[in-house]
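Subject: Structure handover

Hello,

Here is the structure you will be working with. Please open it next to this email and follow the notes below as you look around.

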Amino acid sequence: MLVKHSSSTVLRRQQFLVRTLCGSRTHLPKLIRATMSSKSEAADAESVLRTVTPSLDPKRHKGQAGKIAVIGGCREYTGAPYFAAISALKIGADLSHVFCTKDAAPVIKSYSPELIVHPVLEESYTISQFSEEEKRKVEDKVIGEVDKWMERFDCLVIGPGLGRDPFLLECVSKIMLLAKKSNVPFVVDGDGLFLVTNSIDLVKSYPLAVLTPNVNEYKRLVQKVLNCEVDEENAGDQLRSLAKQIGGVTILRKGKTDLISNGEIVSIYGSPRRCGGQGDILSGGVAVFLSWAQQLKSDPERNFSPSESPAILGCIAASGLLRKAAALAFTKHKRSTLTSDIIECLGESLEDICPAS
Ligand SMILES: NC(=O)C1=CN([C@@H]2O[C@H](COP(=O)(O)OP(=O)(O)OC[C@H]3O[C@@H](n4cnc5c(N)ncnc54)[C@H](O)[C@@H]3O)[C@@H](O)[C@H]2O)[C@@H](O)CC1
Ligand SMILES: Nc1ncnc2c1ncn2[C@@H]1O[C@H](COP(=O)(O)OP(=O)(O)OP(=O)(O)O)[C@@H](O)[C@H]1O
Ligand SMILES: [Mg+2]
């Protein structure tokens, strides 16, 4: 489905792509052609997808296409971290880890042998009999288990199916500090947003943080940070000022159309099915495309220096791909479309935009 836009919107989109791609001798002509010819939003998201997706070069070794870690998964929720982690692999990352509670680990492992699952997080009920000192030791152990892996990850996804246990969230706060210390980008979603909304300093002024709130999570963020209600009339301005107030983090506000804090809108494709888990696919996708965009920026051979950040490019690419896969899954399964059906369509949807060979 192509969306019609006013000429000023089309112009803004063309300016965005030119801005994004300036400095790229390798990609500029092809991408500008794509935007000029279709003058559509599909060209924007698809051009970004084509730009950031790396070719399948036989010289590359395992890990170079991305190492992602999801911090999430507890007694209640095992689907959400699985959806985020498996989506990262299905899009093209090489390795996908999950750091979850001990209860959730065997369940998540049983969904897929592809995932590397670490049963390290603890909830309050497992340590309720412990003294304060013993609790501190458990916390140090949890942090240590994640820390020894941290430098290897290209991006974390913090929050899908994390739950809201206070002890567990305290440990995750420390994991965020570790990620910041190591300059590892992270996507915050689900219960990670509950944590961050109540402790905004955890992400404040960290340029490598991406927040992906749904309608409820966004409402709580706006109330807490801007001290007002969501203003649909001035949605773009409000989103920009929210991101500014949090010190320049990137925000992807999910909904009927996905709004990104630099002013971009992704409303192509999409599906009328609202089954749970689609946001989890998106968070895994943002992590992969952000990593690829960051790689692209630092690869001297590709000579690419877009003015838009990897975080913004990651959001546009992931949103476009998820919505395309959701639309494709809906054509096949109609009312019975489930999140796993959408995940099965990720490969075909990406292939349609950037063929593997
Ligand atoms: N299979 C799973 O394990 C899943 C677990 N999930 C996890 O569940 C936890 C809570 O996430 P939720 O998304 O439920 O939390 P929210 O606080 O976003 O949603 C709570 C409730 O709000 C209502 N709601 C949702 N969208 C709405 C809308 N557009 N307008 C009005 N009301 C709306 C729904 O009835 C929902 O139960 C997170 O950790 C999340 O990651 C979800 O990701 C879904 C899949
Ligand atoms: N009304 C809608 N019409 C079309 N697409 C939508 C609509 N609402 C959300 N989406 C798409 O679904 C994706 C997930 O958004 P959603 O609001 O379902 O997230 P979520 O509530 O966090 O999901 P999850 O169940 O995984 O927690 C968005 O990125 C968006 O592209
Ligand atoms: Mg969610």
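In which sense do β7 and β8 pair, and over how many bridges? They pair in the antiparallel sense, over two bridges. Please keep in mind that this is a predicted model.

**The chain as a whole**

The chain has 357 residues, and 49% of them are buried. It holds 14 helices and nine strands. Of the contacts with a separation of 6 or more, 71% are between residues 24 or more positions apart.

**The sheet**

The nine strands form an open sheet with mixed pairing, in the order β3-β2-β1-β4-β5-β6-β7-β8-β9. At the edges are β3 (116-121) and β9 (265-266), each of which pairs on one side only. As background, strands of a sheet pair through backbone hydrogen bonds, either parallel or antiparallel.

A parallel example is β1 (residues 67-71) with β4 (residues 155-158), a pair held by four bridges. To find the place, look for Ala-69, which stands opposite Leu-156 in β4.

With β6 it runs parallel, and two bridges join β6 to β7. Leu-211 has Ile-251 in β7 as its bridge partner. On the β8 side, Leu-252 has Ile-260 in β8 as its bridge partner. β7 and β8 form a hairpin, with four residues between them.

Is β7 covered on one face or on both? Both faces are covered: Thr-250 and Leu-252 lie on one side, Ile-251 and Arg-253 on the other, and all are buried.

Helix α7 (residues 166-181) lies across β1, β3, β4 and β5 (186-188). Its direction is at about 160 degrees to β4. Helix α12 (residues 310-333) also packs on the sheet, where it touches β6 (209-211), β7 (250-253), β8 (258-260) and β9. The direction of α12 makes about 20 degrees with that of β7.

**Helix α10**

Which residues of α10 (residues 235-245) are buried? They include Gln-238, Leu-239 and Leu-242. These residues are on the same side of α10 because they cover an arc of only 100 degrees around the axis. An α-helix has 3.6 residues a turn, so residues three or four places apart point the same way. On the other side of α10, Asp-237 and Lys-244 are exposed. The buried residues of α10 pack against α9, β7 and β8. After the helix comes Gly-247, with a positive phi near 85 degrees.

**Two residues with positive phi**

Asn-227 is not a glycine, yet its phi is positive, at about 60 degrees. Asn-227 is in the loop between α9 and α10. Why does Asn-227 count as exposed? Asn-227 has 8 C-beta neighbours inside 10 Å, and a residue is exposed if that number is 12 or fewer.

Lys-334 is another residue other than glycine with a positive phi, here near 50 degrees. Lys-334 lies in the loop between α12 and α13 (339-344). Lys-334 also counts as exposed, with 11 C-beta neighbours inside 10 Å.

**The two ligands**

Ligand 1 is surrounded by 17 residues, of which the closest are Gly-79, Ala-80, Gly-190, Asn-216 and Gly-276. The elements that give two or more residues to this shell are α4 (79-91), α9 (215-225) and α11 (278-298). The largest share, three residues, comes from α9. By type, the shell around ligand 1 has five nonpolar, nine polar and three charged residues.

Ligand 2 is surrounded by 16 residues, the closest being Asn-214, Lys-256, Gly-270, Gly-276 and Gly-279. Here α11 and α12 each supply at least two residues. Which element gives the largest share of the shell around ligand 2? That element is α11, with four residues. The shell around ligand 2 divides into two nonpolar, nine polar and five charged residues.

Gly-276 is listed among the closest residues for ligand 1 and also for ligand 2.

Regards

Definitions and conventions
Residues numbered from 1 in each chain as written. Chains lettered and ligands numbered in written order. Predicted model: local features only at pLDDT ≥ 70, side-chain atom pairs only at ≥ 80, totals over all residues. Near = placed C-beta within 6 Å. Nonpolar A, V, L, I, M, F, W, Y, C, P; charged D, E, K, R; others polar. Pairing = 2+ DSSP bridges. Contact = placed C-beta atoms within 7 Å. Axes fitted to C-alpha atoms, helices over the stretch in contact; angles between N-to-C directions. Buried ≥ 20, exposed ≤ 12 C-beta atoms within 10 Å, placed from the backbone. Arc of directions from axis to C-beta.
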